[in-house]
Amino acid sequence: MSVSAEDRELAGTGANRRDFLVLLAGALSVVGAAAAIWPFIDSMNPASDVIAAGAPIDFDLSPLKPGQQILIMWQSKPIFVVRRTAAYLDTLRKPQDIKLLRDPNSHVNQQPPYAENWHRSIVPEYAVLVGICTHLGCIPHFVPKAGGFLGPSWPGGYFCPCHGSKYDFAGRVWTGVPAPYNLPVPPYHFVDNTTIRIGENPKGSNWEFSSIVQL
Ligand code: FES
């Protein structure tokens, strides 16, 4: 599924196809929030022909502060990378929060086998998710603050403003919302302690991103 410019505007990032590196500060509120644009660091940006070819891209995690999310474009898809705090991680295991989820154990093939765990990632601290709502393809907003306009039961996570779908900090979808599936997890692995390579499985895995149930 391609992501239109309008979708990106819906996400409030103001990003276009050339702006593939955007930082959304974790503390921003959703409604009317102006996204904080990460200073563009040329050395972190893969060449445009590399992106166009859909090649894997490397990303240095070290500038990400706890609680922050960054949006990277890979294969024309928005990829959320979140540095999860202990508080974010707590919400993934709280029984009252798990009860809100449609597929808490990631039974549906929306992630590689190495992300089929309670945090849906390789290491708990970092989430790597395809930021496309599984309902009709809008880009969900990162709403890390509990409560607020989403009500007292909101533990923090992702909210899709198009039709109200909700996801937790691991991209697991709530029950009773239009989106049917968890957000996809792309293939990725750690090249070193602080660098991830998006678009390539860890050694020993031949999982196909195209096998997911829904993008
Ligand atoms: S596109 Fe996200 S809820 Fe409809």
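Predicted model: local features only at pLDDT ≥ 70, side-chain atom pairs only at ≥ 80, totals over all residues.
Where does L89 sit? L89 is found in helix α3, which covers residues 86-93. Leaving aside residues up to four places away in sequence, L89 touches R84, H119 and P124. Take P124 from that list: L89 and P124 are 35 residues apart in sequence, yet their C-alpha atoms are 7.4 Å apart in space.

Now for the chain as a whole. The protein chain has 215 residues, and 39% of them count as buried. Its secondary structure comes to 4 helices and 10 strands. Starting at the N terminus, the elements run α-β-α-β-β-β-α-α-β-β-β-β-β-β. Among contacts with a separation of 6 or more, 59% are between residues 24 or more positions apart.

Next, strand β3, residues 69-74. Why is β3 largely enclosed by the rest of the structure? Because 6 of its 6 residues are buried. In a regular strand, side chains alternate between the two faces of the sheet. Here both faces of β3 are covered: Q69, L71 and M73 are buried on one side, and I70, I72 and W74 are buried on the other.

What does β3 pair with? Its partner is strand β4 (residues 77-83), in the antiparallel sense and over 6 bridges. M73 stands opposite P78 of β4. The two strands form a hairpin with 2 residues between them, and Q75 in the turn has a positive phi of about 50°.

Further along, there is an open sheet of 3 strands, with the order β6-β7-β8 and antiparallel pairing. Its edge strands are β6 (141-143) and β8 (165-167), each pairing on one side only. From one strand to the next, the twist averages 30°. Within this sheet, β7 (residues 157-160) pairs with β8 over 3 bridges, in the antiparallel sense. F159 has K166 in β8 as its bridge partner.

| Strand pair | Sense | Bridges |
|---|---|---|
| β3 and β4 | antiparallel | 6 bridges |
| β7 and β8 | antiparallel | 3 bridges |

Notes:
Residues numbered from 1 in each chain as written. Buried ≥ 20, exposed ≤ 12 C-beta atoms within 10 Å, placed from the backbone. Contact = placed C-beta atoms within 7 Å. Pairing = 2+ DSSP bridges. Axes fitted to C-alpha atoms, helices over the stretch in contact; angles between N-to-C directions.
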